[in-house]
Amino acid sequence: MGIPWDDVVVIQHGKDDNDPTMVTVNCPDKAGLGCDLCRITLEFGLHITRADISTDGRWCYNIFWVIPNPSSVKVDWERLKNRLLSACPSCLFSYHLNLQPTTPLPPLVYLLKVWCVDQKGLLHDITEILCNLQLLIQKVKVMPTPDGRALDLFFITDGMELFHTKQRRDYVCEYLNDALGESCISSELQLAGPEYGHPQGFSSLPPSFAEELFTSELSGKKVSMHPLSQDMTTLKKPTIVVDDSLSPSHTLLQIQCVDQKGLCYDIMRISKDSDIQVAYGRFSSSVKGFRTIDLFLQQRDGKKITEPEIQKSLCSSLKEEMLHPLRVIIVNRGPDTELLVANPVELCGRGRPRVFYDVTSALKGMGVFIFSAEVVRHSTQERQWEVYRFLLDESRDFPLTSSKARSQIVDKVRRTLMGW
């Protein structure tokens, strides 16, 4: 029997424009579904102000109260509903026949070539257009030319999964050309060759840069040349209490931390990658910038998390993500100045949504010119990272030889990424 497909995802808007929109997802459960749903809301530029998540291991019922982030592009609610539906297992086959859902094939990567007149902020303008079109950026390569033009290469996948149709590919190029106007010389979209099956190459960061970028804030090492500003450091003091006595079958985690962009996604991602099931979770609304979160957890075998080492590892990972989910530094690369931004990669290989959008937005707002940009992967002993590398150009407002200007750039980018 199941439930009507239209009732799997229900979106109800608030009475007033400032009221949050309630998104309800009611469907069969699968491993990591909560993480996938939170990720999709983040991709659409939405901030989860409150959430209730529950599952019995077979069926789940999730409610998210969301609002657009201030710097977000316009939200297409119908597309959001379709994306959330695509993440849900089939109601009939998964639940009534108890079949394991098949692992979907990774989407094909396409190469978008954009010839344009090089100018400040244009890279972010193109990124915003791609976000409006529900295109996901996998890698970027910006190549300016001496004659004042630039060739921007975007390796992208289609959130609507329609790139196999000529109509969708033509629409993307036409929309891009119309939106950019005279700034766009030409654009071309094609399937990336087999050599780009894994478009994000691996970086070869100098050891000193890697140490500063990837050293854990919890390790006690003071390696960062751009520490958190004092007001941010004061706010970022997460606390986690583990309670095994309240429930006979679940371990309770009580978390208090500062509110920030993508917080629900980060917590659910760690649970997914740690193979921990959130049987019930309540993410309370922000009070004076802080969130209280209650998670009733089980291991995949249905047992409580009683082993001290597993509890310690889980709490350490959660604290690290709430303290320092994204890394931002500025370094010298020969005569050039490079901004490095890093975020952890999910075990399934997906990076964090909207990082490129937020960084280019922050730099455009400050009037900082991006000479070139690329996205690569970097592996440490603990995990894989996605690293965004931006070569910055000198400007009168932000002379890159000034330590004050560098700190201002790092602080602005951090705040934009964290939604502060």
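Predicted model: local features only at pLDDT ≥ 70, side-chain atom pairs only at ≥ 80, totals over all residues.
How do strands E9 and E10 pair, and over how many bridges? They pair in the antiparallel sense, over five bridges. Strand E10 covers residues 251-258.

Start with the whole chain. It has 420 residues, and 51% of them count as buried. Its secondary structure comes to eleven helices and 16 strands. Residues 24 or more positions apart account for 70% of the contacts with a separation of 6 or more.

Now return to the sheet that holds E9 and E10. Strands of a sheet pair through backbone hydrogen bonds, either parallel or antiparallel. Here the sheet is open, has eight strands and shows antiparallel pairing. Read across it, the order is E1-E2-E4-E3-E11-E12-E10-E9. Strand E1 (9-12) and strand E9 (239-243) stand at the edges. Each has a single partner strand, so one side of each is left without a neighbour in the sheet. From one strand to the next, the twist averages 25°. A helix also packs on this sheet: H8, residues 263-273. Helix H8 touches strands E3 (46-55), E10, E11 (276-283) and E12 (290-299). The direction of H8 makes about 160° with that of E11.

Stay in this sheet and look at one residue. Thr251 is found in strand E10. Is Thr251 buried or exposed? Its relative accessible area is 1%. Buried means under 20%, so Thr251 counts as buried. Its contacts beyond four places in sequence include Val242, Asp243 and Asp244 on one stretch of the chain, and Leu295, Phe296 and Leu297 on another. Lys304 and Ile305 also touch Thr251. Gln298 is 47 residues from Thr251 in sequence, but the two C-alpha atoms are 6.5 Å apart in space.

Next, helix H5, residues 166-180. How far should its 15 residues span? At 1.5 Å a residue, they should span 21 Å. The end C-alpha atoms are 21 Å apart, which agrees. Which residues of H5 are buried? They are Arg168, Val172, Cys173, Leu176 and Leu180. Seen down the axis of H5, these buried residues fall within an arc of 135°, so they line one face of the helix. On the other side of H5, Lys166, Gln167 and Asp178 are exposed. The cover over the buried residues of H5 includes helices H2 (77-87) and H4 (122-132). It also includes strands E5 (110-117), E6 (135-144), E7 (149-158) and E8 (184-191). Just after H5 comes Gly181, with a positive phi of about 65°.

Helix H4 holds Glu128. At 27% relative accessibility, Glu128 counts as partly exposed.

Helix H10 (residues 355-366) is mostly covered. Nine of its twelve residues are buried, among them Phe356, Tyr357, Val359 and Met366. These twelve residues should span 16 Å, and the end C-alpha atoms are 17 Å apart, which agrees. The buried residues of H10 pack against helices H4 and H11 (403-418). They also pack against strands E6, E14 (336-344), E15 (369-379) and E16 (384-393). Just after H10, Gly367 takes a positive phi of about 80°.

E14 pairs with strand E13 (residues 327-333) in the antiparallel sense, over seven bridges. Within that pairing, Val341 in E14 is the bridge partner of Val328. The hairpin of E13 and E14 has two residues between the strands, and Gly334 there takes a positive phi near 65°. E14 also pairs with E16, again antiparallel, over eight bridges. There, Leu340 stands opposite Arg389 in E16.

Finish with the cores. In soluble globular proteins, nonpolar side chains tend to be buried together. The largest nonpolar core in this model has 49 residues. Leu339, Ile409 and Val413 have the most contacts inside it. Val413 touches Val328, Leu339, Val341, Val359, Ala362 and Leu363, leaving out residues up to four places away in sequence. A second, separate core has 46 residues, including Ile53, Cys60, Val278 and Leu314.

Technical notes. Residues numbered from 1 in each chain as written. Heavy atoms only, no water. Pairing = 2+ DSSP bridges. Helix = DSSP H or I, 4+ residues; strand = E, 2+ residues; numbered from the N terminus. Axes fitted to C-alpha atoms, helices over the stretch in contact; angles between N-to-C directions. Contact = heavy atoms within 4.5 Å. Core = buried A, V, L, I, M, F, W, Y, C linked by side-chain atoms within 4.5 Å. Buried < 20%, exposed > 50% of the residue type's maximum accessible area, 1.4 Å probe, protein only. Expected span 1.5 Å × (residues − 1). Arc of directions from axis to C-beta.
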